[in-house]
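Open the model in your viewer and keep the sequence panel beside it. This tour goes stop by stop: select, look, move on.

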Amino acid sequence: MTMRKKVIVAGICGAALAAAVGGYFLLEGNRQAKGGMKGAGGAPGGMTQEASVTVVKASVPSKGDLSLSTGLTGTVEAADVVYVYAKTTGDVTAVHVKAGDVVTAGQVLCEIDTEQVDSARNSMEAAQVSLAQAQSNLDRMQLLYSSGDLSEQEYEQYSNSVKSSRLQYESAKLAYERQVEYSRITAPIGGRIESCDVEIYDRVNQSGQLCVISGEGESRITFFVTQRMMKNIREGDVVEVEKNGETYQGRISEISSMVDESSGLFKVKAELNHTEEIPIGSTVKLNLVTERAENAMLVPVDAIYYSGGDGYVYLYQDGTAKMTPVEVGLYDSEYAQILSGLNETDMVVSTWSSNLYEGAKIRLKGEEGQKNVSGGGELRDSGERGDQGEKPEGGVKSDGPGAGKRRPEA
């Protein structure tokens, strides 16, 4: 019994000792934990961790011109186009050209056997006989008039008869020549035969189309623009035309002020040079400057953030970022026009970063001191580190934790 009591007493003493030791370590752990929390909050004995500083690029706004181009489609036409029509009715007896041929002015295109030619020839020959007879009578009366056997009044009648017959003959001759001309269709200008819709033995009617001739040399392109575009274009503006991988230049020569009935748009024509390889009637792509800003205040487009459709930028001011609302005008892939909100001396942060916000600590790239040794804080170069400065997909810019703003559509 004595040994058993000793063992029980020894066990109780060991348990008490273990509990005391555990309690000591538990109290010390809690005390150290509390001390660490105080240190992080700035309590004496704690190490302070300063916020990181973002390295950015910044510059003052620049002055320059900005323009925006619009892609359109147009139709290539000849600068001079002549439609050749039949001037009389008849059967085609000969065709001397085909589509694609190059002709000169006055060259015979085709011949038409017109019924009016024979009739006009008969009228001319009859008038010629009447004129010869009247002239013969006048010659005989001339002798009588000279000898005094014919009065002056009678002689004048014979003379007037000759004059009348001559006028009739000249009129009949002119009608005959006109009919002959109508039967021989000639090219009014030199150029290329674009189409020839007539063959031998075809019967053509008066005012029926026979051929289409496009003038040699320059051509033009016709396209349509909206009213907003028309306000920003003018005669002489350059138009870039693309066809089969080649780029050509033209200049606007005509802007219609009336709405086209078929399209509801405004018709514009531009002259093109050295485009012989582009067939007449082809549809081509073209780029036209439809908006422009001259001597505008420009900033890099990546410097602009958007919130609810309203633009703003960050300014560099004594090592901190200041958010400043701006009014944005035109912009392209590189620069944006600032209409209001900035001065010429403002340092605009052009580096996109998710670490930017009002009052954020920033440092200009290139300044000394890339490490904050005293506070242990590390400088973040958002222009070089992909995890901090990479722009999100779709042009979304973040102006703070969890906040993403999309640039409005153009």
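How many aromatic pairs does the structure hold? There are three aromatic pairs. Rings of Phe, Tyr and Trp (its six-membered ring) pair if their centres lie within 6.5 Å; planes under 30 degrees apart count as stacked, over 60 as edge-to-face and the rest as tilted.

Before you zoom in, two notes on the model. It is predicted, so local features need pLDDT of at least 70 and side-chain atom pairs count only at pLDDT 80 or more, while totals for chains, interfaces and linings use all residues. Numbering starts from 1 along each chain as its sequence is written, and side-chain values use heavy atoms, leaving out hydrogens and water.

**Stop 1: the tyrosines**

Select Y305 and Y312. Their ring centres are 5.7 Å apart and the planes make 20°, so this pair is stacked. Y305 and Y314 form an edge-to-face pair, with 5.3 Å from centre to centre and 80° between the planes.

Y312 is buried at 5%, and Y314 is buried at 1%. (Buried means under 20% relative accessible area, exposed over 50%, partly exposed in between, with a 1.4 Å probe and protein chains only.)

**Stop 2**

Select residues 310-317, strand β18, and residues 320-331, strand β19. Helices (H or I, at least four residues) and strands (E, at least two) are DSSP runs, numbered from the N terminus. β18 and β19 pair in the antiparallel sense over seven bridges; two strands pair if DSSP finds at least two bridges between them. Find Y314 again: its bridge partner in β19 is M323.

Look at the turn. Two residues separate β18 from β19 in this hairpin, and D318 in the turn has a positive phi of about 55°.

Follow β19 onward to strand β20, residues 335-340. β19 and β20 are antiparallel, with three bridges. Y331 stands opposite A336 in β20. A hairpin of three residues joins β19 to β20.

**Stop 2: an open sheet and its helix**

What is the strand order in the open sheet of four strands? The order is β8-β7-β5-β10, with antiparallel pairing. The edge strands are β8 (184-186) and β10 (203-204), each pairing on one side only.

Select β7, residues 108-114. β7 and β8 pair over three bridges in the antiparallel sense. C110 has I185 in β8 as its bridge partner.

Within α3, pick S165. S165 is buried, at 8%. Leaving aside neighbours within four places in sequence, S165 is in contact (heavy atoms within 4.5 Å) with A127, S130, L131 and A134.

**Last stop: confidence**

Colour by pLDDT, the predictor's confidence in each residue, from 0 to 100. The mean for the protein is 75, and 76% of its residues reach 70 or more. Select residues 370-380: pLDDT is below 50 there, and the stretch has 27 contacts in the model beyond near neighbours in sequence. Residues 383-410 are also below 50, with 64 such contacts. Where pLDDT is low, the predicted coordinates should not be read in detail.
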